[in-house]
Amino acid sequence: MTLDRAGSAPNKHAIVDARVIVTCPGRNFVTVRIETRGGVHGIGDATLNGRELAVASYLTDHVLPCLIGRDARQIEDIWQFFYRGAYWRRGPVTMTAIAAVDVALWDIKAKTAGMPLYDLLGGASRRGVMVYGHANGGTIDETIEQARHYRAMGYKAIRLQSGVPGLAATYGVSRDKLFYEPADSARPTEQVWSTAKYLPTVPKLFEAAREALGWEVHLLHDVHHRLTPIEAGRLGKDLEPFRPFWLEDCTPAENQESFRLIRQHTTTPLAVGEVFNSVWDAKQLIDEQLIDYIRTTLVHAGGISHVRRIAHLAELNNVRTGFHGATDLSPACMGAALHFDLWVPNFGIQEYMRHTAETDAVFPHAYTFDQGELHPGDAPGHGVDIDEKLAATFPYRAASLPISRLEDGTMSDW
Ligand code: GCO
Ligand code: MG
C-alpha cells in the first residue's frame, strides 16, 4: 500500500536511490545517502563505533531496499515502518540505521523547502550552540595546560580528564590531544581499572582547575560508567565545592533506579544517555527527574523524529539536552545535532570534539565555531554533504574500542 493520494504520480519526491557509503578518513564512518526522482539528496550518519559493518549490513540488507519508490516526504510513516514494522525493535544497530534514514529524509525535506533544518523544526531559539571541548592529559598539570588552550580558543565549557597515578591508561586520555580516538586497534586492547586509585584524583583535578582557570568557565567530567551508585554519590559530593557543570555516566544506567540513590547524596548535576537508543532507556530517569542532562546521540536514538520526543519529555521534567558529539560520530551527525540544538527549547550544551582535516574534507559542512559556540549555518538542509570520490580513497579498517579489567583480571565496564 502507498499513502500517495490518487493521481499524484509520477511523484518527484519518490526515492530512487538509497545507499551506504563506508569510509575511513582516519577512522570509520558509515553514511546513508538518499536521492529522490527530483534530484534532491540527503545524508545521514550511521556510524556505531566498533560495530560499523553491522549497521551497514542492516541498512543494505533490510532497510534501504524498502525505501525505493517510497515518498521521501513521509518521514514519520517511514520511521514507524522501520520501528514498528521490524517487530525486533530498539537496540543500537536498529536504531542507528533508522536514525540515519530519518536524518537523510529531514535533510531532503529542508532542502526541498529551501530552509535550514532548524527553521523547519521551529526556528532558532538562541544565537548559537554552546559546546564543550576536551582537555585531557597524563597528569593534572597537563590537563590544565590543555584547558588553558581551550580557554584561549574561546571555549566557555571544558571537559577535564586526566591520567590516574598507578594506572597505565584510562578512558578519556590520549596521546593526541586534539583528536581523542579510543578505537585504537583491530582487536580490543585491554586497560586496567581501579576505582580506589581513581576516586581521589578527580577532586584534586577540579581543585587545581578552579585555582588555575577561575570560576567563569564551565567544567565537566565523564566517569564512563565505572562506579557503583554509592561511589558515584561520594564523587558527586566531593566535587560539589568546585561546582562542576555535570558529572557524566557515573554508573551504568541499565538500572535507572540506581540514580535515586545517587541523587539523595549529591547536588552535582548528572548527565546520562550517550548509549541510549530510545525514550524507554531514559523514561524513569526523566520522569522522576533523576538526571539533569540527557545525552542521547542524535544518530543512535532514532534520529530527529525520535530524539525530539525524548527532548519534549525532558522539557516537561526540567531536564536539558547535552548531546553526545564524540569524533566517532561524523560531521553529518554534528550538523544535524546543531540544527536540533539551535531550535530545541530545553537546550543545555553540546559536546564537540574536532574532526581531523581528512574527515572535514570528506564531509564538507556549513557549521562554524566562534567564541565557544557552534552555529549550523543557513544552508538549506542540515548543511553537511559527503564527497564520495574522496571517501572512496579511504577504505574501511577494522577498529575496536578497548575493554577494561580490574587489577585482579575481572572484566569491568570500559
Ligand atoms: C563521550 C563518550 C565517548 C565514547 C565514544 C565511544 O563522552 O564523548 O564517552 O568518548 O567513549 O563515543 O564510541
Ligand atoms: Mg561520555
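Helix H7 gives the most to the lining of the largest cavity, with three residues. Helices here are DSSP runs of H or I with at least four residues, strands are DSSP runs of E with at least two, and both are numbered from the N terminus. The model is predicted: local features need pLDDT of at least 70, side-chain atom pairs count only at pLDDT 80 or more, and totals for chains, interfaces and linings use all residues. Residues are numbered from 1 along each chain as its sequence is written, chains are lettered from A and ligands numbered from 1 in the order in which they are written, and side-chain values use heavy atoms, with hydrogens and water left out.

The structure holds one cavity of 30 Å³ or more. A cavity is a set of points, on a 1 Å grid over the protein atoms alone, where a 1.4 Å probe fits but cannot get out; a pocket is an open set with protein on both sides within 12 Å along at least five of seven lines; lining residues have an atom within 4 Å of a point. Grid points are joined across faces, edges and corners, and a volume is the space filled by probe spheres set on the points. The largest cavity contains about 100 Å³ of space. Its lining comprises 15 residues, and Gln 161, Ser 162, Tyr 171, Tyr 198 and His 221 lie nearest the centre. Two or more lining residues come from each of strand E5 (157–162), helix H7 (201–213) and strand E7 (218–222). By class, the lining of the largest cavity has seven nonpolar, six polar and two charged residues. Nonpolar covers Ala, Val, Leu, Ile, Met, Phe, Trp, Tyr, Cys and Pro; charged covers Asp, Glu, Lys and Arg; the others, Gly among them, are polar.

Ser 162 belongs to strand E5. Ser 162 counts as buried because its relative accessibility is 9%. Buried means under 20% relative accessible area, exposed over 50%, and partly exposed in between, with a 1.4 Å probe and protein chains only. Beyond its neighbours within four places in sequence, Ser 162 is in contact with Gly 137, Thr 139, Ile 140, Thr 143, Thr 170, Val 173 and Leu 205. Contact means heavy atoms within 4.5 Å.

The largest pocket has a volume of about 1100 Å³. It is lined by 38 residues, of which His 225, Glu 274, Val 275, Leu 401 and Trp 414 are the closest to its centre. This lining divides into 16 nonpolar, eleven polar and eleven charged residues. The second largest pocket has a volume of about 550 Å³. Its lining holds 29 residues, with Val 173, Ser 174, Arg 175, Tyr 180 and Glu 181 nearest the centre. Eleven of the residues lining the second largest pocket are nonpolar, eleven polar and seven charged.

Ligand 1 is surrounded by 16 residues, the closest being Tyr 171, His 224, Glu 274, Asp 328 and Glu 351. A residue is near a molecule or strand if one of its heavy atoms lies within 4 Å of it. An N or O atom in the side chain of His 224 lies 2.8 Å from an oxygen atom of ligand 1. For Glu 248, a polar side-chain atom is 3.0 Å from an oxygen atom of the ligand. For Arg 159, the distance from a side-chain N or O atom to a ligand oxygen atom is 3.2 Å.

Helix H2 (residues 75–83) has Ile 75, Ile 78, Trp 79, Gln 80, Phe 82 and Tyr 83 as its buried residues. They pack against helix H1 (52–67), helix H3 (92–113), helix H10 (279–287) and helix H11 (304–316). Tyr 87 sits in the loop between H2 and H3. Tyr 87 counts as exposed because its relative accessibility is 63%. Tyr 87 and Ser 305 are 218 residues apart in sequence and 19 Å apart in space, C-alpha to C-alpha.

His 41 lies in strand E3 (residues 41–45). With a relative accessible area of 17%, His 41 is buried. Leaving aside residues within four places in sequence, its contacts are Arg 33, Ile 34, Glu 35, Asp 107, Ile 108, Lys 111 and Asp 385. The side chains of His 41 and Arg 33 make a polar contact at 3.5 Å. A polar contact is a pair of N or O atoms within 3.5 Å; within protein, one must be able to donate a hydrogen and the other to accept it, and residues adjacent in sequence count only if both atoms are side-chain atoms.
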